[in-house]
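This report concerns salt bridges and the arrangement of a sheet. The sequence and structure are shown first.

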Amino acid sequence: MKVVHLTSAHPRYDTRIFHKQCRSLAAEGYPVTLVVADGEGDEERDGVSIVDVGHLPGRLNRVVKTTRRVFERARQLDADLYHLHDPELMPVGRRLKRLGKHVVYDAHEDLPRQMLAKHYLGKVTRQVLSRGVDAYQRRICRHFDVIVAATPYIRDRFSEFHPEVVDVNNFPMLGELGGALEARLTGDAGEALAVCYVGGIAEVRGIREIVRAMERVEPGCRLQIAGDFKTLALEQEVMTYAGWARVEAHGYLDRAGVRRVMASSVAGLVTLHPIINYLDALPVKMFEYMSAGLPVIASNFPLWREIVEGSDCGLCVDPLDPAAIAEAIDYIVTHPERAREMGKNGQRAVIERYNWQQEERKLLDTYNALSR
């Protein structure tokens with residue numbers, strides 16, 4: 001069965017769930033093509049053919065012109081099954097179904113709930129948009145063969161109206177970042193008195209509070225940031241904070257660079273703001289910290305507290321309180337034995353439960369059922 005994965009919004013980073021899915025399917029023997037719109041050209045990687053339809057700037061272009069390009073390329077590839085990764089591709093999926101193709105829709109977020117989090121819109125507007133998106137999603141997605149959900153919460157939401165829903169969580173691959181722990185334990189990483197944040201940098205991901213926390217921590221501790229700022233204005237703002245003097249900003253790093261940052265850190269930060277679409281999310285960076293043997297300093301959302309405290313692998317704090325974040329950092333820095341214990345606990349939890357090798361089995365079972 002020939003398979004094509006479609007995305008109109010994302011680059012081809014290895015941490016993306018669709019790249020893991022494509023690699024797993026290729027390893028299983030499926031001919032797999034990934035259609036992207038990042039402007040980086042065509043290539044072959046890990047047994048996957050990557051086809052680029054070109055990048056067009058702007059949200060409107062992405063929704064209209066890029067979506068049209070993705071459909072045309074998908075139709076030319078004439079696959080048996082198409083796996084969609086962006087909500088604007090739902091109409092593309094409907095057209096492919098009319099051509100007699102199998103279609104899987106990957107729900108990365110709860111769109112109706114996400115509309116309610118757009119506070120730049122009025123309350124009534126948010127509610128109307130949320131109801132409209134919910135009705136549209138229910139109407140079009142019921143035509144698809146399977147819904148793949150990014151979290152158990154999203155799985156349960158889609159199960160209300162679709163009979164075939166499976167959650168495939170974007171957990172880390174075993175062994176990918178484990179070398180960071182070994183480097184710290186053997187001393188190969190040098191003296192580690194830093195905490196790290198890895199990922200996209202935005203206001204709602206807590207960058208202001210993290211940098212302000214660095215004004216309060218023990219002398220000698222620093223913060224490593226690996227990722228790009230969402231806006232130049234935000235970057236320029238946080239650079240004016242006193243805590244910025246303790247920041248090492250690396251910009252975007254490849255996986256080897258991320259591993260080096262984690263190897264030279266004593267904890268990983270994932271203090272996202274309590275907006276509605278984060279409360280039930282499972283951020284991949286949290287599980288990557290755990291995989292690398294890093295204690296986690298995480299937002300005190302009920303779901304995250306269950307994971308972090310249940311695995312005894314870190315501390316949960318109020319993400320809006322720089323003093324609370326600083327206190328957690330200081331505890332990790334000043335209790336190295338306890339920090340190592342928490343790091344090992346997190347790594348054990350990933351090995352036993354929160355890993356891609358277990359999640360990919362769900363995906364492969366879904367595909368094997370469709371191919372019969």
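In this predicted model, Arg208 and Glu203 join their side chains in a salt bridge, with an N to O distance of 2.9 Å. Arg208 is buried, its relative accessible area of 19% falling under the 20% limit, whereas Glu203 is partly exposed at 43%.

A second salt bridge links Glu248 and Arg222 at 2.5 Å, N to O. Because Glu248 belongs to strand E11 and Arg222 to strand E10, this pair ties together parts that are 26 residues apart in sequence. Glu248 is partly exposed at 29% relative accessibility, and Arg222 is partly exposed at 24%.

Within helix H5 (residues 123-141), Asp134 and Arg138 lie four residues apart, about one turn of the helix.

| Salt bridge | Closest N and O atoms |
|---|---|
| Asp134 and Arg138 | 3.1 Å |

The whole structure holds 23 salt bridges. A network of such bridges links Arg155, Asp156, Asp167, Glu359 and Lys362.

Strands E10 and E11 are also part of an open sheet of six strands with parallel pairing, in the order E11-E10-E9-E12-E13-E14. Strand E11 (247-249) and strand E14 (314-317) each have a single partner strand, so one side of each lacks a neighbour in the sheet. On average, neighbouring strands are turned by 25° against each other, direction ignored. Three bridges pair E10 (residues 222-226) with E11 in the parallel sense; Ile225 has Ala249 of E11 as its bridge partner. Helix H11 (residues 284-291) packs on the sheet, touching strands E9, E12 and E13, and its direction makes about 170° with that of E12.

Definitions and conventions:
Residues numbered from 1 in each chain as written. Predicted model: local features only at pLDDT ≥ 70, side-chain atom pairs only at ≥ 80, totals over all residues. Heavy atoms only, no water. Pairing = 2+ DSSP bridges. Helix = DSSP H or I, 4+ residues; strand = E, 2+ residues; numbered from the N terminus. Axes fitted to C-alpha atoms, helices over the stretch in contact; angles between N-to-C directions. Contact = heavy atoms within 4.5 Å. Salt bridge = Lys/Arg side-chain N within 4 Å of Asp/Glu carboxyl O. Buried < 20%, exposed > 50% of the residue type's maximum accessible area, 1.4 Å probe, protein only.
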